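Please open the model in a viewer and keep the selection panel at hand. The stops below are arranged as a tour, each beginning with a selection.

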Amino acid sequence: MKPRSILVTGGAGFIGSNLCLRLFGEGHHVICLDNCFTGDLRNFGDAYRDMVLSGRFEFIRHDVTEPITIEVDEIYHLACPASPVHYQYNPVKTIKTNVMGTHHMLGLAKRVNARILLASTSEVYGDPHVHPQTEDYWGNVNPIGVRSCYDEGKRVAETLMFDYHRQHDIPIRVARIFNTYGPNMAIDDGRVMSNFICQALRGEPLTVYGEGEQTRSFCYVSDLVDGLCRLMNGDNTGPINLGNDGEITMLELVKAIEDSVGTPLKIVHKPLPQDDPVRRRPDLTKARTLLGYDPKVPLEEGVKQTIQYFRKLLKDWGERPIEAARRTPAHAK
Ligand SMILES: NC(=O)c1ccc[n+]([C@@H]2O[C@H](COP(=O)([O-])OP(=O)(O)OC[C@H]3O[C@@H](n4cnc5c(N)ncnc54)[C@H](O)[C@@H]3O)[C@@H](O)[C@H]2O)c1
């Protein structure tokens, strides 16, 4: 494949850093743009220095709510906090990131004639009446709830993508990403996978919301990144669901973690949060038939890798409470 100059917004975050590493490994020139709200350059680990010295990797600290001009062939637009604790920290900023950020990236794509992929989300389906969710389902989203800054923000971002495509002929790709997990998740991600693993590794009881019968489907990050690259390199605009269609209950996830950690785990039940979807599973027919996408990493293997990652992270973190990682007022603007 011919090396290209590729911009990854949100490139220092969980999925973004894994994507940058893959694209860099394929020989591309990678420009990682991030405001470091939830992202961290330490996600590149020891590879960072060599990547920069190779001359094929650049980091730009920038906020996508401001425009930027830069010469690139492709844009993977991921910038946006993904976990509820992060996107609800400053909801106005979250919706600005989704709407203004996507508008600015589309403006850039138009100026330099770049192909642009939006990391949208399964949250555009809200609390779905259709199960599993197919791409033609329009969703059941609360426009004024505490999650709206994120899910309505992404819905507008998708609208912008398709309007730029229809009006200005911009080559677009839209991925609807379902729950993804794996190395480089933030320690304070606050979602079930990292919560359970951190609690298990710290010897604390696992917090299960409701009865634990609600389902999720979890996709290992290398599979998801593979899907993003297939979508970018293929001929379909999307929207296309990307994730893993193996559906499990929260209690089944507890069991998978218990098996991997090797010690019995205790559980405490808490009330379900507002607007929390009861069921979530992608229909991957489109991704499979149009992209040849096939998530490969089984839950047991992915959980094992993620536990290994968090074990090291928690060792460096020490005894400090996880809440100490919460964002600073500098990010409240
Ligand atoms: N992780 C998932 O399960 C999941 C599911 C659905 C969709 N997504 C989407 O994938 C993308 C990446 O998610 P993630 O899990 O890696 O989250 P993340 O929080 O780890 O990464 C987001 C990155 O964007 C950066 N960022 C946030 N606001 C910014 C701004 N205004 N300007 C520049 N950079 C900014 C953050 O610092 C961070 O590095 C997001 O767009 C998210 O909505 C993720």
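**Conventions**

Residue numbers start from 1 along each chain, as its sequence is written. The model is predicted: local features require pLDDT of at least 70, side-chain atom pairs count only at pLDDT 80 or more, and totals for chains, interfaces and linings use all residues. Helices (H or I, at least four residues) and strands (E, at least two) are DSSP runs, numbered from the N terminus.

**Stop 1**

The shell holds 30 residues, and the closest are Gly10, Gly13, Thr38, Gly39 and Ala82. Two or more residues of the shell come from each of α1 (14-25), α4 (91-112) and β5 (115-121).

**Stop 1: helix α1**

The expected span is 1.5 Å times one less than the number of residues in the helix.

Ten of the twelve residues of α1 are buried, so the helix is largely enclosed by the rest of the structure. A residue is buried if 20 or more other C-beta atoms lie within 10 Å of its own, exposed if 12 or fewer, and partly exposed in between, with C-beta atoms placed from the backbone. Among the buried residues of α1 are Phe14, Ile15, Leu19 and Phe24. After the helix comes Gly27, with a positive phi near 95°.

**Stop 2**

In soluble globular proteins, nonpolar side chains tend to be buried together.

Centre the view on Leu228. Leaving out residues up to four places away in sequence, Leu228 touches Leu19, Tyr76, Leu117, Ala175 and Leu242. Contact here requires C-beta atoms, placed from the backbone, within 7 Å.

**Stop 4**

Select α5 (residues 148-168). Its 21 residues should span 30 Å at 1.5 Å a residue, and its end C-alpha atoms, 28 Å apart, agree with that. Its buried residues include Cys149, Tyr150, Leu160 and Tyr164. Among the elements that cover them are α3 (84-87), α4, β5 and β6 (172-177). Asp169 follows α5 and has a positive phi near 65°.

Move to α8 (residues 250-261), whose twelve residues reach 16 Å from first C-alpha to last, close to the 16 Å expected. Which residues of α8 are buried? They are Met250, Leu253, Val254 and Ile257. These cover an arc of only 105° around the axis, which puts them on the same side of α8; the arc is that of the directions from the helix axis to the C-beta atoms. Their cover includes α6 (192-201), β13 (267-270) and α10 (299-317).

**Stop 3: backbone details**

Most residues other than glycine have a negative phi, and most peptide bonds are trans. Select His131 and Pro132, joined by a cis peptide bond with omega of about -10°; Pro132 is in the loop between β5 and α5. Another cis peptide bond joins Gly238 and Pro239, with omega of about 5°.

Then select Cys36, which has a positive phi of about 60° although it is not a glycine. Cys36 is partly exposed, with 15 other C-beta atoms within 10 Å. Asn113 also has a positive phi, near 60°, and is exposed, with 11 other C-beta atoms within 10 Å.

Technical notes
Near = placed C-beta within 6 Å. Contact = placed C-beta atoms within 7 Å.
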